[in-house]
Amino acid sequence: MAPFVEVCRYKPLPLSLSSLCTCPCRSSPRKSLVLPQFSEKYSEPLLSHSRFSPISVNRRIITAVARAESNQIGDDANSKEEHNRDQELQNVEEDSSLDDQKQKSRSQFKKRVIFGLGIGLSVGGIVLAGGWVFTVAVAAAVLLSAREYFELVRSKGIAQGMTPPPRYLSRVCSVICALMPILTLYFGHIDISVTSAAFVVAMALLLQRGNPRFSQLSSTMFGLFYCGYLPCFWIKLRCGLTAPVLNTGIGRSWPTILGGQAHWTVGLVAILISFCGIIASDTFAFLGGKAFGKTPLISISPKKTWEGALAGLVGCITITILLSKSLSWPQSLVSTVAFGVLNFFGSVFGDLTESMIKRDAGVKDSGSLIPGHGGILDRVDSYIFTGALAYSFVRLHGV
């Protein structure tokens, strides 16, 4: 008994059930359980008593170790089960969020397609009608676009670095921009009107109360040019160039009550080809960028890629060639390709210009008037500069 009592005077080593029941030469993968240390106060009398033998004490130790290890195994199993349950809940939440995002994107795409088709058919009918119908529609689009532009100028992102023009002057400029297409149809040109409007606006800014700022003048003058003057070239193209296109099949079969062959003028054909080229450019650029886009095009529009731009250029030229064969204008292939390239660059430049304005304003869309598309300015940005380029090309082409 003395040797055993002598051993128990020292602190017991950490034991486990596997260490007591397995061969000592084999390592056990289980974690060791640390037993509570026996104090010297109770260990010697307990072990030195006659009724406790080494065998009974050893059995008690093994039993305690087994109970403790079984409790730890149960705790580990419970914690593992809780972890698995949490992981399953997290996976379910992620799947539901992904499903919600997919459903939202599908709904957004459906709205975009439906409203896009409706707008396209409406614009096609307005372009074919021409005259006052086309002019009033352009004036309405210009008014809404100008309001959105001046709201972007007054937004928090741009207004932090500059002083925006007064709100009343922004509204006056929006009305002036909307009157420019009507004046273009009536007078045939708006050079004097634009100059007079710019002078009146500049004088109103200089004579306002407080301290006039150059940022107010520059943003207002650019608004008159961007939202008012440039769209007027579509009026000059559609209503000013009245020379008929000869040898066009659709012109020969056009009803006399709707104007007959004389209705199909160079301006109408050019504007139809330009509009279809811009739509093809945007569509092919979107699909090409979605499928092959890897190289960013420019920092102000991170989603645009060189691969998408190349696909848009190819699509615009292809549609222009197909329509020129059908409408018999332009006559030569070189002129047709040049017209398609010009429409493409005008579309891209207008899109990037509006992206720059929205980026400085800190907004994604210029408005929320059209579901799935944003504001009016988001839809017409590709057409703003293209009208002036298309009109210049037709005039240089000898019409």
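Biologist: Where is Pro330 found?

Modeller: Pro330 sits in the loop between α13 and α14. Bear in mind that this is a predicted model.

Biologist: What kind of peptide bond joins Trp329 and Pro330?

Modeller: A cis one, with omega at about -10°.

Biologist: And what is the phi of Ser328?

Modeller: Positive, about 60°, although Ser328 is not a glycine. Ser328 also belongs to the loop between α13 and α14.

Biologist: Why is Ser328 called buried?

Modeller: Buried means under 20% relative accessible area. Ser328 has 14%, so Ser328 is buried.

Biologist: Now Ile319: why does that residue count as partly exposed?

Modeller: The label covers the range between under 20%, which is buried, and over 50%, which is exposed. Ile319 has a relative accessibility of 25%, so it counts as partly exposed.

Biologist: Which residues does Ile319 touch, leaving out those up to four places away in sequence?

Modeller: Cys276, Gly277 and Ala280. Ile319 itself lies in helix α13, residues 306–327. Ser281 is 38 residues from Ile319 in sequence, yet their C-alpha atoms are 9.0 Å apart in space.

Biologist: What makes α12 roughly antiparallel to α13?

Modeller: Helix α12 (residues 266–292) packs on α13 at an angle of about 150°, with the axes 6 Å apart. Angles over 145 degrees count as roughly antiparallel, so that is what this pair is called. The crossing of α12 and α13 is right-handed.

Biologist: Which residues of α12 and α13 meet?

Modeller: From α12, the list includes Val269, Ile273, Cys276, Gly277, Ala280, Phe284 and Phe292. From α13, it includes Glu307, Gly308, Ala311, Gly315, Ile319 and Leu323. By class, this contact has 13 nonpolar, nine polar and one charged residues.

Biologist: How do you know that α5 and α9 are roughly antiparallel?

Modeller: By the angle again: helix α5 (residues 131–153) and helix α9 (residues 214–229) pack at about 150°, their axes 10 Å apart. The cut-off is over 145 degrees, and therefore α5 and α9 are roughly antiparallel to each other. α5 passes α9 in a right-handed crossing.

Biologist: Which residues meet between α5 and α9?

Modeller: Val142, Ser145, Ala146, Tyr149, Phe150 and Val153 in α5 meet Ser219, Thr220, Phe222, Gly223, Cys227 and Gly228 in α9. That contact divides into seven nonpolar, five polar and no charged residues.

Biologist: Why is α10 called oblique to α15?

Modeller: The axes of helix α10 (residues 232–240) and helix α15 (residues 376–396) come within 8 Å and cross at roughly 40°. Roughly parallel needs under 35 degrees and roughly perpendicular needs 65 to 115, so α10 is oblique to α15. Their crossing is left-handed.

Biologist: Which residues of α10 meet α15?

Modeller: Phe233, Trp234, Lys236 and Leu237. Their partners in α15 include Tyr383, Gly387, Tyr391 and Val394. The residues of this contact are eight nonpolar, two polar and one charged.

Biologist: Last one: how far does α14 reach from its first C-alpha to its last?

Modeller: Helix α14 (residues 333–361) has 29 residues and reaches 42 Å, close to the 42 Å expected at 1.5 Å a residue. Just after α14, Gly362 takes a positive phi of about 75°.

Methods
Residues are numbered from 1 along each chain as its sequence is written. This is a predicted model: local features need pLDDT of at least 70, side-chain atom pairs count only at pLDDT 80 or more; totals for chains, interfaces and linings use all residues. Side-chain values use heavy atoms; hydrogens and water are left out. Axes are lines fitted to C-alpha atoms, for helices over the stretch in contact, and angles run from 0 to 180 degrees between N-to-C directions. Helices (H or I, at least four residues) and strands (E, at least two) are DSSP runs, numbered from the N terminus. A crossing is left-handed if the near helix is turned anticlockwise from the far one by less than a right angle, and right-handed if clockwise. Contact means heavy atoms within 4.5 Å. Ala, Val, Leu, Ile, Met, Phe, Trp, Tyr, Cys and Pro count as nonpolar, Asp, Glu, Lys and Arg as charged, and the others, Gly among them, as polar. Buried means under 20% relative accessible area, exposed over 50%, partly exposed in between (1.4 Å probe, protein chains only). The expected span of a helix is 1.5 Å times one less than its number of residues.
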